[in-house]
Amino acid sequence: MSPASTGASTVVGAVPSVPAPGSDTRMTPGGPGYRRMSFALFLAGVATFALLYSTQALLPLISGEFGVAASEASWTVAAATGGLALFVLPMSALSERFGRRTVMTASLAVAVTVGMLVPFAPSLGALVVLRAVQGAALAGLPASATAYLAEEVRPKALVTAIGLFVAGNSVGGMSGRVITGWVAQEWGWRISVGVIGVLAVACAVAFRLLLPAPRHFKAGSLRPRVLLGTVRDHLSDPLLRRLYVIGALFMTVFGGVYTVIGYRLTAEPFGLPQGIVGSIFLVYLVGTVSASTAGRLVGRFGRRGALYLAGGTTAAGLLLSLAGSLPLVLLGLVLITAGFFAGHAVASSAVSRTATHGRAQASALYQSAYYVGSSVGSTVGALAFHANGWTGTVGVGLLAVLGVVAVTVLGSRAARVAARREPVGAH
């Protein structure tokens, strides 16, 4: 099913193109503009995750400065992801009207501006508010980016292209946590989040200079009735509903694990310094690889097979992380990260391929569910850690993985029923 029209359209500032009848002018790997586009969205992904999770590796230090428990400090993460989850749908509507590139540029501009204010937060409450505003600003990135790709990239290359964007997320998450860890060890958490703000500014400028003007965007309507109708259409699609739930559950695991891991590793029996704990996030490089190879996984195992593999890998990592040995804990984090990013890339690309209209809204609903999962994971994971230690956090993660498997099984059964009724049209 083609995720985008092959006809060209005109947007403000773009040069109209008139393709030959029957030709497909969308980008392909190795074709004109593809590398620039991929690198630009890679940088957008770096900036998004670096800003969104800039306080996550610093939670023990934030707890210490403000005299609060992990469950309270975790709100600096949950507020950002919650703000994104609340605003991603309205921002996607703006991108349907004003264009993907315009909304992404504006979102990054506001987010990096707020990022430069975060180091000066006088209290935990002020810090949480600033982080919520920053998350709301970043809401214009994820859904607009996947909609841009669905419109500008040929279907066969879409999973790979979205995988590269997700890989940028992983690099941003990794670099943000590693940088903040080492900088905070020497100069404190405030200077470290300021450094992340400067990094994000550089990414935002490069993104705007590199991203090609859209050639296949068609402006939609901002009328609430039209938007609600589109949302209703997407929520009535059983496949899209399953993909939304899967994204939320995967992110529940990831949010819980990486919100709490700093507390576990700085405490006994490990007692690691803040810089070393920040460096633990280098395992995000594994996510970069697994996200960028998601297309090959789908090609070999199918979408549901790739999701089973991602869920199984994540569960194995959770169980390994229970060990009292640091190398085994690290191996567990590697498997959790690989499984999460692969599952996220598969599910998010499937949303873009499934939606035949209102792609920004379809992606926005996925992103909203995804970041609700992050907020739930970071909050519930921290509460479980406070009540039962790391075992409690792992228990929350395993329940979420079981949910992924259960939803995927339901999808497999639905596909078999559809195949018996209408073999040609089955998913």
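This is a predicted model: local features need pLDDT of at least 70, side-chain atom pairs count only at pLDDT 80 or more; totals for chains, interfaces and linings use all residues.

Guide: Residues are numbered from 1 along each chain as its sequence is written, and side-chain values use heavy atoms, with hydrogens and water left out.

Visitor: How is a pair of aromatic rings described?

Guide: A pair of rings is described by the distance of the centres and the angle of the planes. Rings of Phe, Tyr and Trp (its six-membered ring) pair if their centres lie within 6.5 Å; planes under 30 degrees apart count as stacked, over 60 as edge-to-face and the rest as tilted. The structure holds 11 aromatic pairs. Phe254 and Tyr258 have ring centres 4.7 Å apart and planes at 55°, so this pair is tilted.

Visitor: Are Phe254 and Tyr258 buried or exposed?

Guide: Buried means under 20% relative accessible area, exposed over 50%, partly exposed in between (1.4 Å probe, protein chains only). Phe254 is buried at 3%, and Tyr258 is buried at 1%. Phe254 also forms a stacked pair with Phe340, with 4.1 Å between centres and 10° between planes. These two residues are 86 residues apart, Phe254 in helix α11 and Phe340 in helix α15 (residues 326–354).

Visitor: What span should helix α10 have?

Guide: Helices (H or I, at least four residues) are DSSP runs, numbered from the N terminus. The expected span is 1.5 Å times one less than the number of residues. Helix α10 (residues 224–235) has 12 residues and should span 16 Å, which agrees with the 16 Å between its end C-alpha atoms.
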